[in-house]
Amino acid sequence: MAGNHYPYRVLSSRLVTPVIRALELAPEQAALPYRAGQYVLLGDPGQRLPPRSYSVANAPRADGVVDLLVTLVPGGVITGWVHERLRPGHRVRLTGPYGTFLPDADQAGPVLLLAAGSGIAPARALAEALLDTPQPRPVTLFFSARGRADTIDDTRWRDWANSRKDFHYLLTLTRDPGAPKHPRIPDLLPVEFGDLKGWEVFVSGPPAFVTGCAAVAETLGAERAAIRTEEFFTEPQPWTRLPPVAAKQETPR
């Protein structure tokens with residue numbers, strides 16, 4: 001799993017939920033070339049820490065800036081470093097890009113993005129890329145969060161849904177005691193969609209969420225080849241000498 005290495009520096013670091021920190025990274029030399037939906041390995045410049053993989057959370061930009069969403073994991077070496085020590089001006093090392101969580105360039109039909117937690121990262125990049133074209137593809141985003149404090153970019157998504165005819169958004173809060181109980185996304189799909197034939201479906205989030213959504217999408221008519229999945233683990237995975245993809249594992253269908 002070879003990849004090129006790119007030095008970046010931190011432009012900003014801010015908490016977007018109680019446990020997820022958003023990093024904005026700028027290239028110090030050549031920018032890392034990637035496509036929306038791909039991921040990179042994040043590590044320290046001295047390579048003293050085991051790198052971990054994170055989906056890029058924005059579509060490619062002319063200035064090369066990369067956004068990452070890093071969930072704090074108890075005992076996680078990289079996540080602890082990011083949350084507790086990494087500050088604006090500090091340097092990081094990115095390696096990549098990797099991944100096939102990508103839309104089919106030959107398709108022009110609608111796209112369904114299903115995301116939970118930090119799985120919103122590749123969904124956000126895909127939404128930006130798919131809508132910022134001369135011929136945007138219709139995009140529907142379903143985002144699942146535990147509570148209101150765990151939502152990411154909710155205002156942005158609502159503004160897009162109110163101002164664009166080609167973007168639709170639905171938020172579910174699964175554990176918020178102050179909000180009405182919402183069905184989980186796998187249960188909502190048959191209610192919201194009678195037929196997903198002709199749709200490209202992208203599912204990103206915890207393994208159980210990904211498995212459940214992908215299975216339902218297929219029963220609703222989505223072609224298996226048109227369902228792409230990416231699993232995000234919340235527990236630290238064992239470090240080995242193999243390429244470090246433990247923080248996030250991609251599972252093509």
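The following legends describe an overview and two close-up views of a predicted model.

**Figure 1. Overview of the protein chain.** The chain holds five helices and 12 strands; helices (H or I, at least four residues) and strands (E, at least two) are DSSP runs, numbered from the N terminus. Of its 253 residues, 52% are buried, where buried means under 20% relative accessible area, exposed over 50% and partly exposed in between (1.4 Å probe, protein chains only). Among contacts (heavy atoms within 4.5 Å) with a separation of 6 or more, 72% join residues 24 or more positions apart.

Figure 2. Strand β1 spans residues 4–15 and includes Leu11. The relative accessible area of Leu11 is 35%, which means that this residue is partly exposed. Leaving aside residues up to four places away in sequence, Leu11 touches Glu24, Leu25, Ala26, Val65 and Pro88. His90 lies 79 residues from Leu11 in sequence, with a C-alpha to C-alpha distance of 8.5 Å.

**Figure 3. The buried face of helix α4.** In α4 (residues 185–192), the buried residues are Ile185, Pro186, Leu188 and Leu189. These residues line one face of the helix, because they fall within an arc of 155 degrees when seen down its axis; the arc is that of the directions from the helix axis to the C-beta atoms. Their cover includes strands β7 (111–116), β8 (139–145) and β9 (167–173), together with helix α5 (207–219). Asp187 and Val191, on the other side of α4, are exposed.

**Notes.** Residues are numbered from 1 along each chain as its sequence is written, and side-chain values use heavy atoms, without hydrogens and water. Local features need pLDDT of at least 70 and side-chain atom pairs count only at pLDDT 80 or more, whereas totals for chains, interfaces and linings use all residues.
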